[in-house]
Amino acid sequence: MPAIDLTQIDLKSLTPDQLDWRKFVLPADHPMRVIRIEKVVANIGVGQSGERLEKAAKVLEELTMQKPSYRLAKKSIKDWNIRRGEPIGVAVTLRRNKAVWFLLRTLAAVDFTLRESSFDDWGNVAFGIREHIMIPGTKYDPAVGVWGLNVVTVLARPGLRVMYRRRARHDVGREQRVSKAEAMKFFQEVLGVKIIK
């Protein structure tokens, strides 16, 4: 049974304060085996700097209620007029209540249906939205236009921080990572997502 009854909630008027991210977990027999949403990353790749990039940043800020960070080109590509170090995309990282709130709205845009190929072997789930106006509660602004975006969800068990912290960093064993089957089970049971092949 999903952690939230979507028939009782209006996703257009839903706010992050109305959700409790601690309820969106896949329970287990041990507290260190519980699977939860670590973060949700939304990004728009524009491919050039300037006015179009600013419009994309404005769209992402309106969708997530958080200021986006600019992503820089890693190398120069002369044919595409891209210089190394030039900002060519925007991204936002969401955690806790905001992450769950944004994920529910973006899943509604794809009708709570994902492909099996969207899941990888390390607990990451990625899917795209063709037009941002498909997200519930979003209005079309002719001055900004229509943008597509990618949404990546990272699922984790407690203790993943050991890999990334500055002091006493260490590898995390494969059994502590989230597998593809466990990620699919999480999305089906906790979020009520239908997975197709």
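**View 1. Arg-157, a buried residue in the loop between β7 and α3.** The relative accessible area of Arg-157 is 4%, so the residue counts as buried (under 20% relative accessible area; exposed is over 50% and partly exposed lies in between, with a 1.4 Å probe and protein chains only). Leaving aside residues up to four places away in sequence, Arg-157 is in contact with Met-32, Arg-33, Val-34, Ile-35, Arg-36, Glu-175, Gln-176, Arg-177, Val-178 and Glu-182 (contact: heavy atoms within 4.5 Å). The model is predicted: local features need pLDDT of at least 70, side-chain atom pairs count only at pLDDT 80 or more, and totals for chains, interfaces and linings use all residues. Numbering starts from 1 along each chain as its sequence is written, and side-chain values use heavy atoms, without hydrogens and water.

**View 2. Strand β6 (residues 124–129) and its partner β7.** Helices (H or I, at least four residues) and strands (E, at least two) are DSSP runs numbered from the N terminus. β6 and β7 run antiparallel and are joined by 6 bridges; strands pair if DSSP finds at least two bridges between them. Ile-129 has Leu-149 of β7 as its bridge partner.

**View 3. Phe-112, in the loop between α2 (96–109) and β5 (113–115).** Phe-112 is not a glycine, yet its phi is positive, near 50 degrees. Its relative accessibility is 13%, so Phe-112 is buried.

**View 4. Ala-168, in the loop between β7 (149–156) and α3 (180–189).** Ala-168, also not a glycine, has a positive phi of about 55 degrees. With a relative accessible area of 49%, Ala-168 is partly exposed.
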